[in-house]
Amino acid sequence: MSVVDSTQTQILLAAFLVSGSIVAYLLLRPKSTRKPVLNPAEWQQFPLIQKTQVSPNTAIYRFGLPRPDDVLGLPIGQHIAIQAEINGKTIQRSYTPTSSDDDLGYFDLMVKSYEQGNISKFLALLKIGDNIRVKGPKGQFNYRPLLSREIGMIAGGTGITPMLQIIRAILKNANDGCKVNLIYANVNEEDILLRKELDDLAATYPDRFFVYYVLNNAPAGWTGGVGFISKEQIAKHMPPASHDIKILMCGPPPMMTAMKKHLNDLDYTAPRTISKLDDQVFLF
């Protein structure tokens, strides 16, 4: 080999090693090294930077963090508190962001506005640049890989938000063998929130995630469940009671009361008044 060939080979090898080092750094570097923004002991203000309408009465509100590389710092399965002064009273409600700490510089809340809702109406009236007061993390559930062999989820309406957060965390981790089955109930077909993402996840991970929709008012040709979620549907689509499974629930109180009765009839362990992480049935 000539001196020129040897020199060219060394240059190419050096370039290859540098390129490989850059790729490895980009793949392995932490998404953000900044301290999480949330502080459970302090109310903080965050501005509305974007609003996306997803149904006639539901929107995704995006709030900006102080810096573009900031992370909210919310453990999977937990939520935040939002506080506002409404008609001279301090009102506080809890919400689960649909975003995660993979998303830098912002967090998203999906909120349905109710005629009698205080915070939901307050959020609906926010203009870009308006602030909300937030504190957290809050909650007893903190998902970790391999927490359960299988998780069954029962959700109604915007009760899908904590479920989606957990579903995303499980499915993005190829080493987490947990299987997830979701029953998701709504009044009308157009009320099914984030349906495209749920259907895409079910199609991408058919062996790990299954979703079954139930509607009060089903259109012609509907192939999902009709009416209210039944004991038979739970028996068919949820994992049987066992020490290594969990049932997670979130939805309107009357629905949750009915689901507790169905689960009791099917020999699941009754949830405590305030659910704990080690409970078989966990109510958000």
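Select isoleucine 167 to begin: this residue is buried, with a relative accessible area of 0%. Here buried means under 20% relative accessible area, exposed means over 50%, and partly exposed lies in between, using a 1.4 Å probe and protein chains only. The model is predicted, so local features need pLDDT of at least 70 and side-chain atom pairs count only at pLDDT 80 or more, while totals for chains, interfaces and linings use all residues. Residues are numbered from 1 along each chain as its sequence is written, and side-chain values use heavy atoms, with hydrogens and water left out.

Stay on isoleucine 167 and show its surroundings. Not counting residues up to four places away in sequence, isoleucine 167 touches Met153, Val180, Leu182, Leu198, Leu201 and Phe209; a contact means heavy atoms within 4.5 Å. Valine 180 is 13 residues from isoleucine 167 along the chain, and their C-alpha atoms are separated by 7.3 Å.

**Helix α3**

Next, select residues 160–171. This is helix α3, where isoleucine 167 lies. Helices (H or I, at least four residues) and strands (E, at least two) are DSSP runs, numbered from the N terminus. Helix α3 has twelve residues and reaches 16 Å from its first C-alpha to its last, close to the expected 16 Å. That expected span is 1.5 Å times one less than the number of residues.

How many of the twelve residues of α3 are buried? Eleven of them are, so the helix is largely enclosed by the rest of the structure. Among these buried residues are Ile160, Met163, Leu164, Ile166, Ile170 and Leu171. To see what covers them, select β5 (106–112), β7 (150–156), β8 (179–186), α4 (195–204), β9 (209–215) and β11 (245–250), which are included in the cover.

**The nonpolar cores**

Now select Met153, Ile160, Ile167, Leu182, Tyr184, Leu198 and Phe209. Within the largest nonpolar core, which has 32 residues, these touch the most other members. A nonpolar core is a set of buried Ala, Val, Leu, Ile, Met, Phe, Trp, Tyr and Cys residues joined through side-chain atoms within 4.5 Å. At least two residues of this core come from each of β7, α3, β8, α4, β9 and β11. Helix α3 gives the largest share, seven residues.

A second, separate core has 24 residues, including Ala59, Phe63, Ile91 and Phe107.

Return to methionine 153 and display its contacts. Leaving aside neighbours within four places in sequence, they include Met163, Ile166, Ile167, Val180, Leu182, Met238 and Leu248.

**Charged pairs**

Move to helix α4 and select arginine 195 and aspartate 199. Both lie in this helix, four residues apart, about one turn. An α-helix has 3.6 residues a turn, so residues three or four places apart point the same way. The side chains of aspartate 199 and arginine 195 form a salt bridge (3.6 Å, N to O). A salt bridge is a side-chain nitrogen of Lys or Arg within 4 Å of a carboxyl oxygen of Asp or Glu.

Glutamate 189 counts as partly exposed at 30% relative accessibility, arginine 195 is partly exposed at 26%, and aspartate 199 is partly exposed at 31%.

Then select Arg149, Glu150 and Asp244, which are linked in a network of salt bridges. Between glutamate 150 and arginine 149 the salt bridge is 3.4 Å, N to O. Is glutamate 150 buried or exposed? Glutamate 150 is buried, with a relative accessible area of 11%, whereas arginine 149 counts as partly exposed at 43%.

**Two cysteines**

Select cysteine 178 and cysteine 250. Cysteine 178 is buried at 1% relative accessibility, and cysteine 250 is buried at 15%. A disulfide is a pair of cysteine sulfur atoms within 2.5 Å, and by this rule the count is zero.

**The whole chain**

Finally, show everything. The protein has six helices and twelve strands, and 42% of its 284 residues are buried. The structure holds 13 salt bridges. Among contacts with a separation of 6 or more, 72% are between residues 24 or more positions apart. The protein exposes about 15300 Å², of which carbon and sulfur atoms supply 55%; accessible areas come from the Shrake-Rupley method with a 1.4 Å probe, and for residues only the protein chains shown count as cover.
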